[in-house]
Amino acid sequence: SLIQAADLAYQQSDLATAGHFVEQARQIFAAAHKLNSVVNATNFLAIIARDQEKLDEAGKYADEALVLARKTGNLGAESGSARTFASIRVKQNKLDEAKILIDEAQAADAKTGSLSDRIASLGTSGEILEAKGENEKALEAYKEAVKLTESVRATAASETAFADVKRNYRP
């Protein structure tokens, strides 16, 4: 798919090609009235523009993605879009706006219970705090993210081990 091609180009740091593929996909999604997919594609364009240091363009895409995400009621998309927008505001040194955005992301994370979103939001929160010079608080946010990541890994390892025991159990 176009998004997979964009992701591959992005991973290879070919941001211009990634952006081209994402924009094509976004137009197709819009024509098909697939709003959640439009949100995700628009958020991806914001990330690409941010990574190209085109921060004004990135902010416009991020704002558009967040407005659309709120309309969908998809809290995961809202979290991701708010988190992306917050990361852009950090790069623009608009730290108060970044804080408001990450608070919105974390509120959405609390409602969905998504650990991966919570971990990502803690990382962005740490970046905001670090940019504000609040290094101790930033460190706490990063430590909490690491702790959650380790708990997810431990749970996954336990479930894999349990599945192996269950599969090999012969009464």
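This is a predicted model: local features need pLDDT of at least 70, side-chain atom pairs count only at pLDDT 80 or more; totals for chains, interfaces and linings use all residues.
1. I48 touches Y10, L15, A18, G19 and V22, when residues up to four places away in sequence are not counted.

2. As to the overall architecture, the protein contains eight helices and zero strands. Read from the N terminus, the order of elements is α-α-α-α-α-α-α-α. The C-alpha atoms fill a box of roughly 60 × 45 × 35 Å along the principal axes. Of the 171 residues, 39% count as buried. Among contacts between residues at least 6 apart in sequence, 52% join residues at least 24 apart.

3. Helix α1 covers residues 2–11 and helix α2 covers residues 15–31. The two pack with their axes 8 Å apart, at an angle of about 160°. An angle over 145 degrees counts as roughly antiparallel, and α1 is therefore roughly antiparallel to α2. Their crossing is left-handed. On the α1 side, the contact is formed by L2, I3, A5, A6, A9 and Y10. On the α2 side, the contributing residues are L15, T17, A18, F21, V22, Q24, A25, I28 and F29. Sorted by class, this contact comprises 13 nonpolar, two polar and no charged residues.

4. The crossing of α4 past α5 is left-handed. From α4, the residues L55, A58, G59, A62, D63, A65, L66, A69 and R70 take part. They meet A77, E78, S81, A82, F85, I88 and K91 of α5. By class, this contact has ten nonpolar, two polar and four charged residues. The reader may wish to set this beside the contact of α1 with α2, which has no charged residues.

5. The loop between α4 and α5 contains G73. Is G73 buried or exposed? Its relative accessibility is 52%, so G73 counts as exposed, the cut-off for this class being over 50%. G73 and A49 are 24 residues apart in sequence, and their C-alpha atoms are 25 Å apart in space.

6. S125 is a residue of helix α7, which spans residues 115–131. With a relative accessible area of 13%, S125 is buried, as the cut-off for that class is under 20%. Which residues are in contact with S125, apart from its neighbours within four places in sequence? They are I102 and Q106.

Methods: Residues are numbered from 1 along each chain as its sequence is written. Side-chain values use heavy atoms; hydrogens and water are left out. Axes are lines fitted to C-alpha atoms, for helices over the stretch in contact, and angles run from 0 to 180 degrees between N-to-C directions. Helices (H or I, at least four residues) and strands (E, at least two) are DSSP runs, numbered from the N terminus. Angles under 35 degrees count as roughly parallel, over 145 as roughly antiparallel, 65 to 115 as roughly perpendicular and the rest as oblique. A crossing is left-handed if the near helix is turned anticlockwise from the far one by less than a right angle, and right-handed if clockwise. Contact means heavy atoms within 4.5 Å. Ala, Val, Leu, Ile, Met, Phe, Trp, Tyr, Cys and Pro count as nonpolar, Asp, Glu, Lys and Arg as charged, and the others, Gly among them, as polar. Buried means under 20% relative accessible area, exposed over 50%, partly exposed in between (1.4 Å probe, protein chains only).
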